[in-house]
Amino acid sequence: PTSVGLDFSLHGFEHLYGIPQHAESHQLKNTGDGDAYRLYNLDVYGYKIHDKMGIYGSVPYLLAHKLGRTIGIFWLNASETLVEINTQPSVEYTWTQVGPAAAKQKVISRTDVCWISESGIIDVFLLTGPTPSDVFKQYSYLTGTQAMPPLFSLGYHQCRWNYEDEQDVKAVDAGFDEHDIPYDVIWLDIEHTEGKRYFTWDKKRFANPKRMQELLGSKKRKLVVISDPHIKIDPDYSVYTKAKEQGFFVRNREGSDFEGVCWPGLSSYLDFTNSKVREWYSGLFAFPAYQGSTDILFIWNDMNEPSVFRGPELTLQKNAIHHGNWEHRELHNIYGFYQQMATAEGLIQRSKGKERPFVLSRSFFAGSQKYGAVWTGDNTAEWSYLKISIPMLLTLSITGISFCGADVGGFIGNPDAELLVRWYQAGAYQPFFRGHANMNTKRREPWLFGEEYTKLIREAIRERYTLLPYLYSLFYHAHVASEPVMRPLWIEFPDELETFGVEDEYMLGSALLVHPVTEPKTTMVDVFLPRSNEIWYHSKTFAHWRGGCTVKIPVALNTIPVFQRSGSVVPIKTTIGKSTGWMTNSSFGLRVAVSTEGSAVGELYLDDGHSFQYLHQNQFLHRKFSFCSSVLINSCADERGRYLSKCVVEQILFLGLKKKPSSVTTHSSDGKDQPVAFMYCAKTSTLNLEKLSLNIGCDWEVHIK
C-alpha cells in the first residue's frame with residue numbers, strides 16, 4: 001500500500017469552493033483546527049450537518065476565486081482522499097528604487113491546499129480560467145457536460161419508501177388530479193420487488209405492473225423504480241445465477257465472491273468496474289429481459305457507495321478484489337459512477353438509441369453529470385437541513401453536476417406543515433424536484449395537511465411548471481456550454497467581493513435570484529441584491545430595487561423572495577397541464593425586465609423533450625429575444641435548428657417601463673403590422689400584452705411607441 005499527496009499554494013486566494021459531498025458551507029473552511037475534508041463515499045443515514053466527513057459522493061475538484069481570476073484543481077483519484085485547507089495572510093516585500101534601499105511591506109493572502117490519497121498516482125489538472133465560465137468549460141473537456149435531461153424529469157417527482165401496491169399508486173396518482181396539482185413521476189422503492197430481488201415485481205402487490213404503467217402513461221406520466229448494486233444470493237434468482245456463472249461479482253481477498261448483508265439479506269456485489277459486467281447489466285433493462293417494464297419506466301440507483309450493512313463504515317472492505325486484480329481501495333469512490341453509467345446505457349439501448357435516459361444515483365464521482373441526476377441523500381425533516389441543502393446543491397452545481405436536488409420535506413422524520421411548504425417553495429427553484437419520505441414517517445402527499453397548505457404547495461409546484469421553458473433552456477446551456485443551472489452569486493458577479501460568501505440565496509441561470517425561507521415563522525428576510533447599476537424586480541409584486549445593497553423583504557407563508565434581474569427576458573408557460581406531457585403545445589409568455597439603459601435579452605431552447613433527434617437530426621429550436629429602442633425582437637439563435645412548433649407567445653409582460661405607450665403593434669416576417677391591446681400600470685411600471693398569437697418559431701417584432 002502506498003499513499004500519494006501534493007501541496008498547492010494559491011497566492012492571493014482566500015475563497016475556495018467545491019470538493020463535494022459534505023453537509024457544509026459553500027465556501028470551504030480552514031481545516032487547521034479540526035478535521036480535513038474527507039472524500040470517501042459512504043451510506044450515512046441522517047448525516048451530521050456542518051461536518052467534513054465523507055457522505056454519498058465525491059468530486060475531487062475545487063475552485064479558487066479572487067477579484068479578476070478563477071482557477072480550478074482537479075485531483076483525479078478515486079481512492080480515499082483527504083483535503084486540508086489553510087488560509088493565511090502572508091507578507092511580501094518589494095524593494096523600492098527611490099532613496100536608500102528600503103523594503104515596502106504588502107500583505108496578501110495565501111491559501112495552501114494539501115491533497116492526500118490512500119492509493120493511486122498523482123494525476124492532477126490545473127484549470128487556469130481566468131473566468132468562472134472558462135474553468136467550467138475546461139473541466140468539461142476532461143469530464144463531460146451535463147446530460148440533456150428528458151423534459152418530464154424537470155417536473156415534480158413523488159416518491160416514498162414505499163408506495164404499498166398498485167392500488168396505492170393509483171390512489172396517489174388520482175389525488176394529484178383531484179387536487180389540481182401537476183406532477184410527472186411516481187417512484188417505487190425496494191418493496192415493489194419480490195423479496196428485494198431487483199428486476200422483479202412483488203406478485204401480490206404489483207401483480208400487473210404493465211397495467212399500472214398504462215394507467216400512468218395514459219395521463220402522460222412516468223414511473224421510476226429502484227435498482228441497487230447488491231444482488232440477493234439465491235440459486236433460484238436468475239440475475240444472481242447468471243452473474244455468478246460469469247464471475248461478475250466483486251471477490252474477497254481469498255478469491256471467492258464477496259458476500260455482505262444489505263436489504264435482501266446476504267448479497268453479492270456486481271463489479272461495475274468491469275466493462276463486461278456493465279455491458280451485461282445494461283442488457284437487463286431490455287424490455288424482454290425486464291418483465292413488466294415499459295418505455296415509461298426509468299431507474300433509480302441507490303445504496304451504490306456501495307452500502308454493506310456489516311462492513312467497515314457500512315461499505316466494502318478495502319481489500320476486496322475487482323476485475324484486473326485491483327483492490328477496492330483503489331477505486332472505491334468511482335463504484336457508483338460506473339453503475340449509473342451502465343444503467344443509463346441500458347435505458348438508451350432498450351430504445352435502440354432513440355430515447356434519452358433518466359437515472360438518479362446516490363453515489364457519484366467526477367463526470368457523473370454525463371449519466372443523469374444526483375441528490376443529497378438521507379436528509380432529515382428539520383429546518384437546518386433545508387438550510388444546508390442550498391450550499392450543498394451550489395457546491396454540486398459548480399463541480400459539473402447541474403442536475404441535483406434534495407429530498408423535499410426531509411427523508412427522515414415528520415415535517416410540520418410550515419417546513420413542508422417552505423421546502424416545496426425552495427425545491428421548485430432547484431434543478432431536481434422530488435418529494436421523498438422514509439417508511440417510518442407519516443404520509444405526506446401534498447393534500448394531507450389541510451386545504452390552506454394544499455393551496456400553498458399547489459402554488460409552489462405550479463410555479464415550477466410555469467418556469468419549465470426557462471429551466472429547460474438553462475439545462476441546454478449546461479449541456480452544451482457547461483454553465484451551471486443553479487449558481488452561487490459569485491459566479492454571476494465575480495467582481496463583487498460581497499457575493500463571495502453568500503450561500504442563503506442563489507441565481508437560477510443569470511436572470512432569477514432566489515432566496516428560500518429557511519427559518520420558522522419568518523415575516524421578514526434580508527436579501528442581498530448585487531450590482532448597484534442594476535434593477536431587481538420582485539417576481540410577484542413587480543416592486544423594484546436598485547442593487548448593491550441588502551433589502552428587507554416582507555414574506556408571508558405564500559411567498560419566498562424571487563427577483564428578476566433587469567436586462568433579462570424569461571420565457572414561461574401561461575397554462576399548466578397535469579404533467580409536462582400535457583403542455584407540449586400550450587402557449588408561452590415572456591417576462592421582459594427592462595434595464596436602466598432600456599434593453600433586455602433572453603432566449604428559449606425547445607425540442608421534442610425526450611429523444612436524441614436534437615443531436616442527430618437538428619430537431620431543435622433556439623430563439624433569441626432582444627429588447628432595445630422600444631422594440632422586442634424574436635430572432636433565430638441557431639440556424640441549424642429544424643424543429644417546428646405550433647406554440648405561440650400569447651402574453652408579454654414588460655417590467656420597468658417608465659411611461660405609458662401611445663400604441664403597441666406587432667410586426668411579423670410577412671410584413672404585416674397588427675395593433676395590440678395593452679394594459680399599463682403606472683404604479684408598478686408594467687406593460688401587459690395579452691391575447692397575442694405570435695408563433696414562437698417565427699421572426700417577429702413588437703413595437704412600443
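Which residues lie nearest the centre of the largest cavity? They are F136, G400, A478, S482 and E483, out of 16 lining residues. This is a predicted model, where local features need pLDDT of at least 70, side-chain atom pairs count only at pLDDT 80 or more, and totals for chains, interfaces and linings use all residues. Residues are numbered from 1 along each chain as its sequence is written, and side-chain values use heavy atoms, with hydrogens and water left out.

- Rolling a probe the size of a water molecule over the atoms shows where empty space is left.
- Here the work is done on a 1 Å grid over the protein atoms alone: a cavity is a set of points where a 1.4 Å probe fits but cannot get out, a pocket is an open set with protein on both sides within 12 Å along at least five of seven lines, and lining residues have an atom within 4 Å of a point.
- Grid points are joined across faces, edges and corners, and a volume is the space filled by probe spheres set on the points.
- Two elements give two or more residues to the lining of the largest cavity, namely α1 (132–143) and α8 (383–398); α1 gives the most, with three residues. (Helices are DSSP runs of H or I with at least four residues, strands are runs of E with at least two, and both are numbered from the N terminus.)
- Sorted by class, that cavity lining has five nonpolar, ten polar and one charged residues. (Ala, Val, Leu, Ile, Met, Phe, Trp, Tyr, Cys and Pro count as nonpolar, Asp, Glu, Lys and Arg as charged, and the others, Gly among them, as polar.)
- The largest pocket holds about 780 Å³ of space, and of its 36 lining residues L151, T584, D608, G609 and H610 come closest to the centre.
- At least two residues of the pocket lining come from each of α7, α11 (468–481) and β32 (600–607), and the lining splits into 18 nonpolar, eight polar and ten charged residues.

**Helix packing**

- Axes are lines fitted to C-alpha atoms, for helices over the stretch in contact, and angles run from 0 to 180 degrees between N-to-C directions.
- Helix α5 (residues 275–283) packs on helix α7 (residues 335–350) at about 45 degrees, with the axes 8 Å apart, so the two are oblique to each other. (Under 35 degrees counts as roughly parallel, over 145 as roughly antiparallel, 65 to 115 as roughly perpendicular and the rest as oblique.)
- From α5, the contact takes R278, Y281, S282 and G283, and from α7 it takes Y338, Q339, M341, A342, T343, E345, G346 and Q349. (Contact means heavy atoms within 4.5 Å.)
- By class, the contact of α5 with α7 has four nonpolar, six polar and two charged residues.
- Helix α10 (residues 451–466) meets α11 at an angle of about 55 degrees with axes 5 Å apart, which makes this pair oblique.
- R464, Y465 and T466 of α10 touch L468, P469 and L471 of α11, giving four nonpolar, one polar and one charged residues.
- Helix α9 (residues 417–427) and α10 have axes that come within 8 Å and cross at roughly 10 degrees, so these two are roughly parallel.
- On the α9 side of that contact are A417, E418, L420, V421, Y424, Q425 and G427, and on the α10 side Y453, L456, I457, A460, I461 and R464; the classes are nine nonpolar, two polar and two charged.

- Most residues other than glycine have a negative phi, and most peptide bonds are trans.
- W161 and N162 are joined by a cis peptide bond with omega about 15 degrees, and N162 sits in the loop between β9 (157–158) and α2 (166–178).
- Another cis bond runs from E305 to P306, with omega near 5 degrees; P306 is in the loop between β15 (297–301) and β16 (321–322).
- D180, a residue other than glycine, has a positive phi near 55 degrees and belongs to the loop between α2 and β10 (185–188).
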